[in-house]
Amino acid sequence: MLVLSRKKDESIVIGEDGSIEITIVEIRGDKVRLGITAPREIPIHRDEVIERIREEQKDQPVETPATDG
């Protein structure tokens with residue numbers, strides 16, 4: 001894990017093309033608000049949301065293609 005220090009209104013850029021930018025919007029107590037700029041095709045979720053999505057997908061039956069016999 002890469003750990004970086006940033007102050008309010010400072011950013012980090014991810015990817016060689018700089019297509020993902022994360023900016024520190026606000027720091028209030030023990031909470032940090034992040035602004036994320038990324039292409040629309042890149043999904044962005046909080047950790048607990050992506051875990052819920054994975055759990056729901058795991059519970060879904062796997063569809064297999066029908067074959068003509």
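The legends below describe close-up views of a predicted model.

Local features are given only at pLDDT of at least 70 and side-chain atom pairs only at pLDDT 80 or more, whereas totals for chains, interfaces and linings use all residues. Residues are numbered from 1 along each chain as its sequence is written, and side-chain values use heavy atoms, with hydrogens and water left out.

**View 1. Overall layout of the protein.** The protein has 3 strands and 1 helix, in the order β-β-β-α from the N terminus. Helices (H or I, at least four residues) and strands (E, at least two) are DSSP runs, numbered from the N terminus. The C-alpha trace spans about 65 × 30 × 20 Å along its principal axes. Of the contacts between residues at least 6 apart in sequence, 0% join residues at least 24 apart; contact means heavy atoms within 4.5 Å.

View 2. The accessible surface comes to about 6800 Å², and carbon and sulfur atoms account for 50% of it. Areas come from the Shrake-Rupley method with a 1.4 Å probe; for residues, only the protein chains shown count as cover. Buried residues make up 7% of the 69 residues. Buried means under 20% relative accessible area, exposed over 50%, and partly exposed in between (1.4 Å probe, protein chains only).

**View 3. Pairing of strand 1 with strand 2.** Strand 1 (residues 11-14) and strand 2 (residues 20-28) run antiparallel and are joined by 4 bridges. Two strands pair if DSSP finds at least two bridges between them. I12 stands opposite I22 in strand 2, and I14 stands opposite I20 in strand 2. The hairpin has 5 residues between the strands, and G15 in this hairpin takes a positive phi near 95 degrees.

**View 4. Surroundings of V13.** V13 lies in strand 1. With 52% relative accessibility, V13 counts as exposed. Leaving aside neighbours within four places in sequence, V13 is in contact with G18, I20 and E21. V13 and I36 are 23 residues apart along the chain, and their C-alpha atoms are separated by 9.9 Å.

**View 5. Pairing of strand 2 with strand 3.** Strand 2 and strand 3 (residues 31-37) run antiparallel, with 7 bridges between them. R28 stands opposite K31 in strand 3, and E21 stands opposite T37 in strand 3. This hairpin has 2 residues between the strands, and G29 takes a positive phi near 65 degrees.

**View 6. D9, ahead of strand 1.** D9 is located in the segment before strand 1. D9 has a positive phi of about 70 degrees although it is not a glycine. Most residues other than glycine have a negative phi. The relative accessible area of D9 is 56%, so D9 is exposed.

**View 7. E56 in helix 1.** E56 lies in helix 1 (residues 47-59). At 48% relative accessibility, E56 is partly exposed. From C-alpha to C-alpha, E56 and G15 are 30 Å apart in space, and they are 41 residues apart in sequence.
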